[in-house]
Amino acid sequence: MAQQIKEVIKQEYIKCAQDPVYFLKKYCMIQHPIKGKIPFSLYPFQETTINEFKDNRFNIILKARQLGISTLTAGYSLWMMTFFQDKNILVIATKQDTAKNLVTKVRVMHANLPSWLKQKCVEDNKLNLRYVNGSQIKASASGPEAARSEALSLLILDEAAFIDKIDEIWTASQQTLTTGGSCIALSTPNGVGNWFHQTWVQAEEGRGMFNDIKLHWTVHPDREQSWRDEQDELLGLQGAAQECDCDFLTSGTSVIDALILEKCRETHGEEPVEKRGVDSNLWIWKQPDYTKNYVVCADVGRGDSKDFSAFHVIDVETIEQVAEYKGRIPTKDFGNMLVNISTEYNDALLIIENNNIGWATIQQVIDREYPNLFYTSKDLRYVDIAHQMTNKYRSQEKNMVAGFTTTMKTRPLIIAKLEEYFRDESVVVHSSRLIDELLTFIYVNNRAEAMSGYNDDLVMSFAIGLWVRDTALRLRTEGIELTKKTLNRMQDIDGLYTPDEKKNDSWDWEVNKKKESLEWLL
């Protein structure tokens with residue numbers, strides 16, 4: 001009898017070692033939040049996923065919430081540690097507590113294995129489980145140095161789309177995975193442009209080293225449309241799309257709704273009719289119309305490999321982007337380019353951000369005596385900032401400084417105006433470059449900025465142009481119209497009445513008006 005038992009155990013051990021699905025379904029227990037400890041009865045999609053892990057060295061999983069994928073990954077890790085020697089597994093998550101949760105799942109399964117399957121522990125705590133056979137799993141918080149340690153057999157990136165600076169972590173991990181290690185990156189989506197999104201897109205297109213596994217909420221056999229509808233109420237439409245539908249566009253913290261941006265791309269996106277310059281980075285969609293007014297809004301880069309100089313030409317009336325530049329160019333040359341393009345577009349109002357290196361470009365514009373450079377008041381009253389924006393007219397008397405000043409108080413106003421224009425779909429953008437930058441323009445700690453590894457040069461210059469167009473130019477136009485009405489009213493008075501009649505309070509304003517153009521006074 002004892003011999004028979006030993007033979008059965010041997011055969012079971014071999015089956016478990018050869019097939020992780022068999023091992024998990026027959027011998028592993030998991031901690032259910034309501035039911036307590038229960039057998040790990042895998043769903044068909046979970047069995048398929050486990051086999052993908054086994055057959056592919058690198059796997060990226062785009063998943064809906066509550067599909068048990070973290071638990072499944074923990075079970076796969078336990079299988080590796082139990083049946084193979086010296087397997088070194090590292091779990092990295094947004095914070096150490098999150099990574100610790102996955103290690104805890106491994107520890108629960110380990111604790112409930114039958115004695116003949118359970119490996120002897122050398123170390124067992126909340127952050128680390130290590131066997132006498134040399135295999136171990138440990139948890140780590142995110143950080144560039146997290147994966148820069150000893151050689152790894154398996155790197156698990158839990159909720160990878162939310163890990164800060166994950167691109168640096170992935171780069172650092174390459175040295176530790178060169179001995180044949182594997183990686184499982186799993187996450188719900190968190191916007192576009194980040195490492196997880198880029199890696200997923202590459203894998204989906206058959207590029208790169210990752211095998212793509214998409215797990216939509218519908219893969220769960222116990223979920224029907226009524227469950228999905230309930231998630232809309234619980235999480236909101238955007239939250240439910242992120243957590244259930246594996247939707248990159250409706251997820252994340254983008255300043256501009258990605259669906260609006262994609263609609264803008266589909267509706268107005270088009271190739272430029274002309275590309276100019278030695279680098280072909282000046283894109284033209286519409287040539288100057290000499291009956292129109294334009295603004296040119298610019299953000300100045302250092303001209304090196306760190307960032308870009310950028311500008312847009314915007315039709316003031318239709319709010320249409322008619323030209324755009326993004327490239328690396330010396331500041332003086334950029335100033336000359338701005339003068340040339342502004343002159344070409346009917347002496348457009350030229351707005352240049354004057355922070356830091358911007359002054360070098362502005363000085364070149366001043367040296368060339370461009371007549372319509374935008375000026376900002378030195379005595380900004382932020383509660384009334386719009387009323388103090390103007391062009392060069394009487395700049396010295398009004399205590400003005402050349403260029404547009406972005407500050408901690410003006411920046412949120414600019415971003416809010418940008419968001420408003422796109423939300424109302426009242427702006428016409430043709431450039432794929434600008435749309436791409438907007439998709440990676442996100443909120444980081446409540447500050448709108450480019451996602452790590454991306455630029456926002458086109459975004460900020462465009463935002464400044466929209467804000468000036470909607471404040472300074474509008475108010476200046478209103479002021480001119482008010483002056484016209486006042487002068488015309490005075491003209492009526494002077495032409496119709498004698499000095500004695502003008503003293504009378506009962507003038508008839510509607511009779512015998514004489515009009516004369518007074519625009520020359522402006």
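Predicted model: local features only at pLDDT ≥ 70, side-chain atom pairs only at ≥ 80, totals over all residues.
N128 stands opposite K138 in strand β7; strands here are DSSP runs of E with at least two residues, helices are runs of H or I with at least four residues, and both are numbered from the N terminus. Strand β6 (residues 128–131) and strand β7 (residues 136–141) run antiparallel and are joined by three bridges. Two strands count as paired if DSSP finds at least two bridges between them.

Residues are numbered from 1 along each chain as its sequence is written, and side-chain values use heavy atoms, with hydrogens and water left out.

Let us stay with β6. Strands β6 and β7 form a hairpin with four residues between them, and G134 in that turn has a positive phi of about 95 degrees. R130 of β6 stands opposite E123. β5 and β6 also form a hairpin, with three residues between them.

What is the order of the strands in the open sheet? Eight strands form it in the order β5-β6-β7-β4-β8-β9-β3-β10, with mixed pairing. β5 (121–124) and β10 (211–215) stand at the edges with a single partner strand each, so one side of each has no neighbour in the sheet. On average, neighbouring strands are turned by 15 degrees against each other, direction ignored.

I turn now to the helices. Helix α4 packs on the sheet, touching β3 (58–63), β4 (88–93), β6, β7, β8 (154–158), β9 (182–187) and β10. Contact means heavy atoms within 4.5 Å. The direction of α4 makes about 165 degrees with that of β8; axes are lines fitted to C-alpha atoms, for helices over the stretch in contact, and angles run from 0 to 180 degrees between N-to-C directions. Helix α5 (residues 96–111) lies across β4, β5, β6, β7 and β8, at about 160 degrees to β7.

Finally, the axes of helix α1 (residues 2–18) and helix α4 (residues 69–83) come within 10 Å and cross at roughly 125 degrees. The contact is made by Y13, C16 and A17 of α1 together with W79, T82 and F83 of α4.
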